[in-house]
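This report describes a protein model by its interfaces and by one residue inside it. The structure comes first, followed by the text.

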Amino acid sequence: MAISTLIGASIKRREDPELITGTGGFVDDLPQTGLVHMYVVRSTEPHARILGIDTARARQADGVLAVFTGKELASEFQSPLPVTVSFVPEKKYPPHYPIATDRVRYVGEPVAIVLAQSRAAAEDAAERLDIRYESLPPVVDMEKAIAPGAPVLHDELGSNLAYDVKRAGGDIEAAFRDADVRISQRIRQQRLIPVAVEPRGVVADYKPFANALTVWSSTQIPHFVKVWLAVILGIPESQVRVVAPDVGGGFGSKIRVYPEEVLAALASRKLGRRVKWIEDRSENMKATHHGRAQIWDVEVAARKDGTVLGVRATQYLDLGAYCSQFGTFQAIALLLIQGPYKLQAWDGRGIGVYTNKTPTDAYRGAGRPEATYIIERVMDLVAQATGVDPAAVRRKNFIRQEEQPFTSLMGLTYDSGDYSTTLDKALEMVSYQQLRKEQAEKRKQGKHVGIGLSTYLEICGLGPSVATTAAAGIGFWGMAVLNLHFTGKATLVIGSSPHGQGHETPFAQIVAETLGLPLEDIDVVHGDTAIGPMGMDTYGSRSASVDGTAVYLSAVKVREKARKIAAHLLEAAEEDVVYENGKAYVKGSPTKAVTIQEITGAAFQPHRLPAGMEGGLDETTFFNPPNFVWPFGAHIAVVEIDDETGRVQIQRYVAVDDCGTRLNPLIVDGQIHGGIAQGIGQALFEDGVYGEDGQLKTGTLVDYLIPTASDLPMFETESLVTPSPTNPLGVKGIGEAGTIASTAAVMNAVADALSPFGVKDIDMPASPQKLWHLMHKNGGSKR
Amino acid sequence: MIPASFDYIAVKTVPEAVAELAKHGDESKLLAGGHSLIPLMKLRLSTPSFVVDIGRVKDLNYIRRTDGHIAFGALTTHHDIEFSDLVKEQLPLLASAASQIGDPQVRNRGTMGGAAAHADPSGDYPTCLLTLDAEFDVVGPNGRRVIKASDFFVGTFTSALQPDEVLTEIRVPAPPAGTRGTYLKFSRRSQDWAIVAVAAQATVKDRKFQEIRIGLTSMGGTPLRASAVEAALRGKSADADTIRKAAEKAAEGTDPPQDLNGSPDYRRHLATVLTRRALEQLTAGR
Ligand SMILES: Cc1cc2nc3c(=O)[nH]c(=O)nc-3n(C[C@H](O)[C@H](O)[C@H](O)COP(=O)(O)OP(=O)(O)OC[C@H]3O[C@@H](n4cnc5c(N)ncnc54)[C@H](O)[C@@H]3O)c2cc1C
């Protein structure tokens, strides 16, 4: 590309003035007139048969228009909620309908809906419902769930086992045979609750004569919601419009078609009224899907010089009560364990389990944080067992630059990168050798200092249509429509659906740079299925590399057409015309130029166009990338653990990320900061805990601890840039990298700090109480 | 998360509030800063049918020195206490505790009277007020009465206030010159409730503890005094060894709760650590 001025500039997000002055428009801010409010009555039982629901008293309550039970709505669904392949085509799963009819399987599952003049009236009426349950024994623990004799959630499946699959490459027997060191370790990924700052919300408006449905939803995937509402409710897809207005965060929790979207639409169709449902935080904690919830049993074969030969592991994935839309996506970890390392063999087994808990699905990173966590813990376990420094272990095992593009044991092709570069940079930033000396000194003084490394490799840019169809069941691509108006202003419609990331700014930068248009002349539109063709929405750090490329290619197409028009206007040969900074001129005479605005004007006057050329300046691109993109980086956490209280204090946090070309470094940094915070949340604070009775014990933000700014250290961030060869901009992805890297960095540091106590691995979160017990109670004695 | 329906009145004076409470009886609730009551109502754990808002009553928001006391109007906010020069100078324990309650919104809305009346065993003020031997001015249908702190915190979320009474003023004895105080709160995140907290106020003269007060938060169903520690220190030398030994007694006679963040064992241990650290802080340089 030509010399960049706008691509790569740290321009402030154009979304922010509205958002930070409270003038944005979220679902709850939509015009309020004529609304009917829906309240979803949810199961208070983790596992029970519904014997009956008496709705008479609720129907008579003030302000109530209707009450529907699951039984009364069941015949309206023409399809259950969607379930995608998501890396496990072998899985068994039951049909999952938006509302329970005769049996409930998790606390929070919808059992009835109340429609009333106000939300308050609906909630009051809900208390008057008489629901009779016959309790069934709850299945909470994953391992007990698949033990013989366990109560079964879905009778038709015969057991709680959704799948038991193998994903392997290389000769694992040989790896273990050749090993000097063999390690086995159980490693847990606790259940996490995504807690987007804006809970979900839906407004549905069905127009009976047109058989047309408009739904505003706080979703990451308006285009998919459109398709599925059409399928489930039997409305032609052309008659369904879904709008994602401002959306206050998702982190994967808004990546699926939810029961409430269907229920609100259905209620609107039944009542002929506009129906609104807003999720409150209490609902959000149990009705919106959870993440992670895995147990890993890991065995490692290594040489005493730190070379990791092979890894064998079983991933137990707690799917919760039903298989969610991308419920098995986290099994992607079985394909990615290898990370940036050159293992000889990988032998993975995946086991999916149903339990009486909220379904799990994608949560920031979705399978990649898990893969990174496991392999990064493995690197440290090998370092601990062999006495080789953790940085050296990583260096020894890194894939080398000259081996790129490297094909992994699972047949994935890495795109580019010298993985040692980010590690070297991070080590330099913390003065690693010096730091290790200080650690040794402090240990002598009885202080528990730990240094944790995490050198991750991430896959993103979903993605190649063929590959994603095979793996995820849907072919992904990028989409952008660039449309120049008569006056030379531009509208850019993108296929991604940002929900806090700030796509509008960098995507406008791409167009401004390519066409030489002023940044403010480009309006970026997203999240409305009535505008533009099908888009693939936003998840998995895909938008910049895939939709961003579509934006770029559309701009290039517009530029090329503009050049042709300019040649005609300038009465010159096309190849003699230079297009630069929004102007076209004949080579050598830049003073006699036509501007893009003049060219656009001509584009709408057919007589001024070359013969045979169609009018207008608008171009649509569907970009199907040839491969995924593979960002990588190195994070280092330095922690000190208070011997007396067990509290972890992060003293330094250094992150060096390589996400290819940075379209807007300010946004890249923001994504890294937020991601690190979220990953630290998993390491130190967050825990979705269920009691043996199947009740969620951390159902409020008093008990479920998301980190806040005052609980976090300063982040020292640096970037390296290895452009991806997969797309013309060279961009990779940065939406999840922070989360993927930081959990392992912090937990490796905590484990390092506690290694004198003989500690090898710590279940997350590393709470003060847990660490104190490890240091002083559970036989933990200093070597 | 919408409260059950209720009627509401904003009163202008204390007698008016007392009259409204008398009229509506057990079904009514006073509303001050609302930062305990409203969350409970939204979860429908509290469903008063009548809410009497005293937030606009004049002359209940003050901090002043009276004869031998510092007096706080019941509506004084946590924020005002945190930043009051008088409190910082005379009762640094209270300023320190106030600065660690919740987050800025909570500190701007929550009141000392509300926090005391709410009698949460993991609340920060109740422990401080017990530790400081505060007294509580209460007005009811039969006029005014004064309750001592040792009688005020009766049980978990239960104070000695009757449903028809309004707490109007809280008075804390002004300590001798040179008294120091601190509140050490241990929680997972900065804005959280205490897993355990220790309130300490000490007057050290000639390297001896002349006066010593220590209180414990979240170590039982009510705020507690660490009497064994106080006894072990009163009149004793303010040296590291004495402090360490005394602090070991911090959990004596307590019955700490079990929850996700702390086992009783862990809480007992934290109480001794925080007590020692608080005492070290108060005696540093003396
Ligand atoms: C997010 C959050 C975090 C918090 N964190 C902490 C914390 O870390 N530490 C802590 O100690 N507290 C914390 N709190 C509670 C906070 O301090 C409350 O402000 C306080 O407990 C109650 O004060 P209020 O004025 O808001 O009372 P309200 O909520 O208005 O009332 C509380 C109760 O007291 C009664 N009442 C109020 N005023 C009077 C009066 N004058 N006479 C008689 N009865 C009265 C009410 O009827 C009600 O029963 C937190 C609250 C929130 C929402």
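## Contacts between chains and between domains

Asp124(A) and Arg44(B) form a salt bridge in which the closest N and O atoms are 2.8 Å apart. The model is predicted. In total, five salt bridges are found across the interface of chain A and chain B. Polar contacts across this interface of chain A and chain B join 20 residue pairs, both residues being at pLDDT 80 or more. On the side of chain A that touches chain B, helix 4 (119–126), helix 9, helix 19 (665–685) and helix 21 (768–776) of chain A each supply at least two residues. That side of chain A is made up of 13 nonpolar, eight polar and twelve charged residues. The contact as a whole involves 33 residues of chain A and 25 residues of chain B.

Within chain A, the domain assignment gives three parts: domain 1 (33–136 + 197–249 + 254–287), domain 2 (291–462 + 627–776) and domain 3 (478–623). The centres of domain 1 and domain 2 of chain A, taken over C-alpha atoms, are separated by 36 Å.

The rule finds 14 residue pairs in polar contact across the interface of domain 1 and domain 2 of chain A, both residues at pLDDT 80 or more.

The size of an interface is often given as the accessible area lost when the parts come together.

| Interface | Buried area | Carbon and sulfur share | Salt bridges |
|---|---|---|---|
| Chain A and chain B | about 2400 Å² | 49% | five salt bridges |
| Domain 1 and domain 2 of chain A | about 2400 Å² | 63% | zero salt bridges |

## Glu260(A)

Is Glu260(A) buried or exposed? Glu260(A) counts as buried because its relative accessible area is 1%, and the cut-off for buried is under 20%. Glu260(A) lies in helix 8 (residues 259–271) of chain A. The side chains of Glu260(A) and Arg42(A) are joined by a polar contact of 2.9 Å. Neighbours within four places in sequence aside, the residues in contact with Glu260(A) include Met38(A), Val40(A), Pro110(A), Arg200(A), Val202(A), Trp277(A) and Ala287(A).

Terms used: Residues are numbered from 1 along each chain as its sequence is written. Chains are lettered from A and ligands numbered from 1 in the order in which they are written. This is a predicted model: local features need pLDDT of at least 70, side-chain atom pairs count only at pLDDT 80 or more; totals for chains, interfaces and linings use all residues. Side-chain values use heavy atoms; hydrogens and water are left out. Domain bounds come from an automatic or database domain assignment. Buried area is the accessible area (1.4 Å probe) that two parts lose on being put together, summed over both. A salt bridge is a side-chain nitrogen of Lys or Arg within 4 Å of a carboxyl oxygen of Asp or Glu. A polar contact is a pair of N or O atoms within 3.5 Å; within protein, one must be able to donate a hydrogen and the other to accept it, and residues adjacent in sequence count only if both atoms are side-chain atoms. Contact means heavy atoms within 4.5 Å. Helices (H or I, at least four residues) and strands (E, at least two) are DSSP runs, numbered from the N terminus. Ala, Val, Leu, Ile, Met, Phe, Trp, Tyr, Cys and Pro count as nonpolar, Asp, Glu, Lys and Arg as charged, and the others, Gly among them, as polar. Buried means under 20% relative accessible area, exposed over 50%, partly exposed in between (1.4 Å probe, protein chains only).
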